[in-house]
Amino acid sequence: MRNKTCLLLLVALCAYKNISAQSHDIYHKGWIDFNKNGKKDIFEDPQQPVEKRITDLLAQMTVEEKTCQMATLYGYKRVLKEEMPTESWKHEVWKDGIANIDEELNSLTSYTDNATSQYSYPFSKHASAINTIQKWFVEQTRMGIPVDFTNEGIHGLNHDRATPLPAPIGIGSTWDKQLVRKAGQIVGREAKALGYTNVYAPILDPARDQRWGRVVECYGEDPFHIAELGKQMTLGIQEEGVASTLKHFAVYSVPKGGRDGNTRTDPHVAPREMYQLYLYPFRRVIQEAHPLGVMSSYNDWDGVPVTGSHFFLTELLREKFGFNGYVVSDSEAAEYLFSKHHVAADYKEAVRQVVEAGLNVRTNFTMPQTFIMPLRELIKEGKLSMKTIDARVADVLRVKFKLGLFDQPYVADPKAADKIVHTDADKQFSIQMDRESMVLLKNANNLLPLNKANLKNILVTGPLATETNYAISRYGPSHNPVTNVLDGIKNYVSKGTNVNYAKGCDIIDATWPESEIIETPLTDKEQADINEAVEKAKQADVVIAVVGEDAKRVGESLSRTGLNLPGRQLKLIQALQATGKPVVMVMINGQPLTINWENRFVPAILEAWFPGPESGRVIAETLFGDNNPGGKLPITFPKTVGQIEFNFPFKPASQANQPTSGPNGYGKTSVNGALYPFGYGLSYTTFEYKNLQVSPDKAQNQADISVSVDVTNTGKVKGDEVVQLYLKDKVSSVTTYEYDLRGFERITLAPGETKTVNFVIHPDDMALLDKNMNWTVEPGAFEVMIGSSSEDIRLKKEFVIEE
């Protein structure tokens, strides 16, 4: 028996050695024998041009292998059931390869998802695990085509304990291009170290409807502002050798009535508006940052689903904008042609339409064969040509070649990940980005900053004071420890200061959201909770009320019909204000809220959005003056949902106040104006603008215009100012926007310090879509407007474009 056991062990050892030798044989100095034929093919030669390598590889691939390069395999616990390759994989559809594996072993955790894995941490363990999976595809499939490992990354890489960033609406509030570039570099560097090769970021959708749940995931509402920050994020990610995939192409962010969830359809957007607002950020980022990926959106436009539109995915994206990466569908976008839009009689016809339109890779939370098998049937039936298939697959392979996956498919040094991901320097950067995202909305009688030396009793109240889920919301890092606002304030103040806490109320009441239209009486418990907060407020020197929304109230599929503080939160604020004690309102929220009563009666309001895990520390620093808030609103706060659409930029008179006399009516029937305008934000110091220079004052059609302005800190403390340049086309052949944002710079100034801020206005900044839908710079007068917000214009000067 013992001899038999030894013999079996010897046979197993020999078999292992043979497999290892065979695997090892494909790795040569300077190249890898992916197809295992013993010779260096053109596609395996790093010295050959990418297009020649693509052509050579395509010529060797079967239909089965090509179609596998057109589908996503969602990672462990999303679709994939095994953490590591198993014998069963040799019988799965991906035995012939796969385009990408998404969110693999990232230990995603949110209130909607849980995909924890033993391989996500330590970081080196994940890098090694990804190498093991990649090795399976390289060594165990016939052609050995490497996998593109994709992952989300809109506010930090979506990975266990990666470096967290504030929500994109907070990133947008920084208006800091250099900071966003560095954020992109951190996301890209961490992705690369962990084995991810493609990051689904940034989101370039203009958030034009404040009710939309995904406002929290956008940089703001203005296309120029989004393009500038999106460009920096894309450049930062791709500088680290990782692909950036833009989301969501296109016209996605204005579903009818702001309705998200099961709808995401029917944007009411005119053609000229589509180009100027919704396509503008994509066009500029594609042309100036050259991203390798684009995600196609769920929605239709003018009756045609975007993911099935040749116009969007081929004519616009590739032929006009010059995109040459691959297009991946948002999850289930391909299926929606059949199930939601009803432009296909069955799913198979939907597959045909999306592939013909220009979709390269289909993504959904189903096994990849649900797409691959109908795709193969269509090819067999002659309903999809091999020319089309080859073109779609070539785009996927091009990205893989550009990423270097055919030269080095593995993480070169997995152990290094532990020293590369979420370093101490990254943590400090994350905190700095949180600081810069803070926006001061109101500060009557300079109540802020608070002086902790003068405060003996502080009450921290409100349902968001101890909440943490906003800091680990979907599409970003999980499992980072969170310092809530209550603890942040306790940690900050001196030991002699007493910090009390009373929750005051829950985020919502029992019948919310119906309670927004049919109010119910306070329950005994709700009244008791408010009474407790009021009694503690009476003993306090200052009340800090932390209110707003959490990750269950705003986000994907969480659009709202009203924008007031949810539940009983306004009643809590009103009861606190009635005590006569100074109230500071801190808002943690993901979209503009119609805080009209609060703005009128509460003396100080700080907008914190959804900050990162160090939120409590940063909010405390800001309230007590160690961080002077310098963020600006990247989105308009309306006074009521009845004003929507109400945003920037806008057409002349479209957002004008109601006349009380004159030809267009009289009387008062509507609430007018913004609660807080685009670009708005206060500071603990003051800034003076002077010496605006515009040169030349007359120029030819395609000339650049140089602009400079001097900005001085006229206050007593150091502070940041976001200097904003707006441009007004005074007379044009078609109606243009009243004025457009065309430049911004965030600067830091010490008290008494002056800096000269320089801008360049390019022809593209002056262009409009003429009557024939051609981009044209028309001759005439333009007005340069420099200010601290879209409504706080300090200086103006004109220049003329001559014929």
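Visitor: Why does R214 count as buried?
Guide: R214 has a relative accessibility of 1%. Buried means under 20% relative accessible area, exposed over 50%, and partly exposed in between (1.4 Å probe, protein chains only). So R214 counts as buried. This is a predicted model: local features need pLDDT of at least 70, side-chain atom pairs count only at pLDDT 80 or more, and totals for chains, interfaces and linings use all residues. Residues are numbered from 1 along each chain as its sequence is written, and side-chain values use heavy atoms, with hydrogens and water left out.

Visitor: What makes the contact between E556 and R214 a salt bridge?
Guide: A salt bridge needs a side-chain nitrogen of Lys or Arg within 4 Å of a carboxyl oxygen of Asp or Glu. For E556 and R214 the N to O distance is 3.3 Å, so the pair qualifies. The two lie 342 residues apart, E556 in the loop between β15 (542–548) and α19 (569–577), R214 in the loop between β6 (198–200) and α7 (223–238). Helices (H or I, at least four residues) and strands (E, at least two) are DSSP runs, numbered from the N terminus. E556 has 21% relative accessibility, so it counts as partly exposed.

Visitor: How many salt bridges does the rule give?
Guide: The count is 49. One of them joins R53 and D407, with the closest N and O atoms 3.0 Å apart.

Visitor: Which residues are linked in a network of salt bridges?
Guide: K177, E228, K231, R284, E288 and E745. D550 and R553 also meet in a salt bridge, at 2.9 Å, N to O. Both D550 and R553 are buried.

Visitor: How do you know that N647 has a polar contact with R208?
Guide: A polar contact is a pair of N or O atoms within 3.5 Å; within protein, one must be able to donate a hydrogen and the other to accept it, and residues adjacent in sequence count only if both atoms are side-chain atoms. A polar side-chain atom of N647 lies 2.7 Å from the backbone oxygen of R208. N647 lies in the loop between α21 (615–623) and β18 (687–695). At 3% relative accessibility, N647 counts as buried.

Visitor: Which residues lie nearest the centre of the largest cavity?
Guide: Y737, D740, R742, D765 and A767, out of 20 lining residues. The volume of the largest cavity is about 250 Å³.

Visitor: Which residues lie nearest the centre of the largest pocket?
Guide: R214, R264, R474, Y475 and E556, among 41 lining residues. Strands β7 (243–249) and β11 (326–329) each give two or more residues to that lining. The volume of the largest pocket is about 630 Å³.

Methods
1 Å grid on protein atoms, 1.4 Å probe; cavity = no way out; pocket = protein on both sides within 12 Å on 5 of 7 lines; lining within 4 Å. Points joined across faces, edges and corners; volume = space filled by probe spheres on them.
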